[in-house]
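Please read it beside the sequence and the coordinates.

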Amino acid sequence: MLRFYPIICSLTLLCACLFSTVATAQKSSPILKLKTEGVELPNNLQSFLQSSDVEASKVIQNRYFKLLQFDYLPTQAEKDRLLLSGVQLLEYVPDNAYIASFPINFIRAELGNYAIRSVVDVPRAIRLHPDVVEASIPAHVQFADGIELMVRIHEGLDMRAVENRLKAMGCSIQKALPGLQLFRLRIPEANISELESFAAVSFTEFAPEAGQPEGLGGRTLIRSNVLSHSSRNYTGEGITALVFDDGYVGPHVDFQGRINQQTVPVSFGGFEHADMVSGILAGAGNVNPDGIGMAPGVFLHINSYVNSEYTLAADEWNSFKDVQIFNASYSNGCNAGYTGITRGVDKILYENEGVMQVYSAGNSAASDCRYGAGSPWGTITGGHKQAKNCIANANLYADGTLVESSSRGPAHDGRLKPDLAAHGQGQLSISPNNQYRPGGGTSAASPSTAGLCAQLFEAYEKIYNEPAVAPLIKAALLNTAVDIGNPGPDFSFGWGQAHGGRAANLLEKEQFLKDQIVQGAAKQHNIEVPANVKEARFMVYWADPPAVEGAQIALVNNLDLTVSAPGGGQRLPLILDPTPDVAAITAPAQPGVDALNNVEQVRYTDPQAGTYSVNIAGTSIPEGPQEYFVVYYFLMDEMAITYPLDGDPLVPSRLELVHWEALGNNEPFELSYSLDDGNNWTVLDANI
């Protein structure tokens with residue numbers, strides 16, 4: 001069971017905390033923190049209260065939209081009172097501002113009861129992507145019947161009525177996604193200014209380029225084999241995964257009775273990319289045991305990638321209500337920033353905690369994606385995989401080294417990307433007609449992690465007899481990853497090489513807790529660290545609400561982690577320097593205050609045994625209360641073989657990579673093998 005560990009305070013301490021919250025609340029800056037420019041907001045509440053007229057062109061479905069900026073973040077009670085008066089706070093914009101929806105008959109004097117400093121029309125810098133503002137129209141959106149755009153409308157508006165208005169201004173609707181209030185449409189270039197002024201529109205950007213498949217064993221490197229071994233037998237059974245790719249898979253006996261691709265034309269695609277991805281995620285290895293995937297018990301849905309909308313189609317859960325794991329190994333523009341697609345991913349994962357979306361980071365390390373530090377930095381290929389709540393994967397060789405083409409971070413706003421690294425290059429997977437062939441690229445690394453997620457979902461459900469929670473599974477993977485590259489997180493490997501065995505240990509030992517926090521509050525959780533630990537890791541992770549596309553920083557709710565050791569002293573989490581300069585980006589992580597990421601970690605090497613206090617501060621929570629997970633893990637001074645394990649078949653004359661773990665021991669090892677159940681041993685190498 002997930003357990004709650006609330007802080008226990010005396011009444012005196014609680015009052016002190018409340019007064020401290022008011023005293024330290026962040027006062028608004030008049031300059032909005034937007035991606036393209038700083039927009040200065042006037043202190044004009046009184047002039048708004050004294051006016052009464054609303055231009056007819058700004059009214060849609062008996063509502064109009066304004067940007068409200070408060071002096072301080074409003075409390076939940078204040079938000080509730082506003083809602084009762086008919087005002088809906090739709091989206092947060094830093095600092096302390098919201099896009100708000102007003103009923104046409106709203107009595108403006110009621111706003112005088114709140115600490116509001118500014119009421120303005122929603123600035124153009126929020127409503128338009130910078131590329132649209134520059135008016136340099138890329139070739140891939142130019143069609144005979146108009147320019148192809150992604151247009152998001154304000155929450156709460158009726159999509160059908162808006163669609164009719166869009167058609168009246170010359171738009172042809174390519175696709176409507178009601179769950180995201182999003183249209184893909186074409187409009188004559190001469191009518192774009194009319195669209196821009198349409199009151200229903202929240203955000204407009206150019207439609208993304210058609211994505212490209214990102215590349216053509218991995219089980220032992222990320223310890224998937226440890227989970228499927230007979231001692232645990234986590235194969236992903238009972239878990240359903242959705243693969244968006246280039247089309248029909250197989251036919252292949254590896255998916256007998258475990259695949260649904262009724263919506264995919266057999267003639268669609270033909271590049272066998274979908275076969276490679278599906279086989280790595282869930283192949284059974286029936287014809288060739290070497291071709292077994294990560295989660296051979298998973299049930300697969302296959303859906304066709306069309307027009308860069310594979311991510312957004314996940315919003316259409318009517319056809320896929322049982323899906324828990326989602327994989328897409330396609331590009332979506334080079335470091336495209338926080339787009340409507342990005343926002344869609346975050347929204348889906350924030351509102352559906354039983355779902356995890358997994359993506360390839362990209363194979364564009366040789367590109368320059370305008371981050372500012374040149375290649376390979378800032379080359380994550382897409383908007384979707386830059387979401388805060390998903391998992392984007394770097395690509396590793398079988399020995400754990402980084403493939404040269406693997407895309408690096410940071411994300412557009414300096415956040416840590418990729419999230420994890422997994423083996424992709426040279427993995428054996430399926431090919432049509434019961435064949436097998438090697439795959440590669442981050443396209444192959446992504447289904448490796450997706451399959452690992454399926455195994456861990458099954459593990460959680462078997463251990464706790466309740467549905468798995470995706471944010472917890474992600475946190476378990478991040479906090480237990482094998483640290484490769486620079487110490488701590490880095491922009492090449494993310495948090496490191498995924499490790500299914502450690503993540504399962506964390507779940508099995510219940511080394512996690514769940515709680516929630518509101519603006520200005522503080523929580524404390526006490527955790528016992530045993531003796532003989534070589535490294536202790538404490539992490540907080542939360543699924544963050546979707547951000548406004550035009551915001552400079554994508555983080556909405558900012559929680560801060562500190563850890564206090566038994567001997568005193570407080571430690572800050574590890575942070576990276578995202579300054580667009582090679583020296584800064586490649587520097588090792590250092591302790592500091594993180595205001596960018598929705599995950600923070602504190603580490604101790606050779607920690608003193610005793611009680612450690614994990615402190616969580618609700619520094620800025622405009623959309624709360626915010627649920628969070630604290631996960632912790634102890635790396636011990638011990639040695640363990642992870643491949644081959646008891647019962648693993650070895651094929652004569654085939655090269656095998658033996659994997660083991662030995663933290664804290666720098667001395668040579670002796671590797672021996674036995675052919676008679678351990679009665680006699682032969683030394684293979686005495687100095688490894």
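**Alanine setting and cysteine pairing**

Ala-551 is found in the loop that runs between strand E23 (533-541) and strand E24 (558-564), where helices (H or I, at least four residues) and strands (E, at least two) are DSSP runs numbered from the N terminus. The model is predicted, with local features needing pLDDT of at least 70 and side-chain atom pairs counting only at pLDDT 80 or more, while totals for chains, interfaces and linings use all residues. Residues are numbered from 1 along each chain as its sequence is written, and side-chain values use heavy atoms, with hydrogens and water left out.

**Around Ala-551**

- Ala-551 is buried, at a relative accessible area of 4%; buried means under 20%, exposed over 50% and partly exposed in between, with a 1.4 Å probe and protein chains only.
- Apart from neighbours within four places in sequence, Ala-551 is in contact (heavy atoms within 4.5 Å) with Lys-33, Leu-34, Lys-35 and Pro-94.
- Ala-551 and Asp-413 are 138 residues apart in sequence, with a C-alpha to C-alpha distance of 9.4 Å.

**The disulfide**

- A search of the whole structure finds 1 disulfide, defined as a pair of cysteine sulfur atoms within 2.5 Å.
- Cys-334 and Cys-369 form a disulfide with their sulfur atoms 1.6 Å apart, and the torsion about their S-S bond is about 40°, so the disulfide is right-handed.
- Cys-334 is partly exposed at 32% relative accessible area, whereas Cys-369 is buried at 7%.

**Other cysteines**

- The sulfur of Cys-390 has its closest cysteine sulfur in Cys-453, 11 Å away, which is too far for a bond.
- Cys-390 is buried at 0% relative accessible area, and Cys-453 is buried at 1%.
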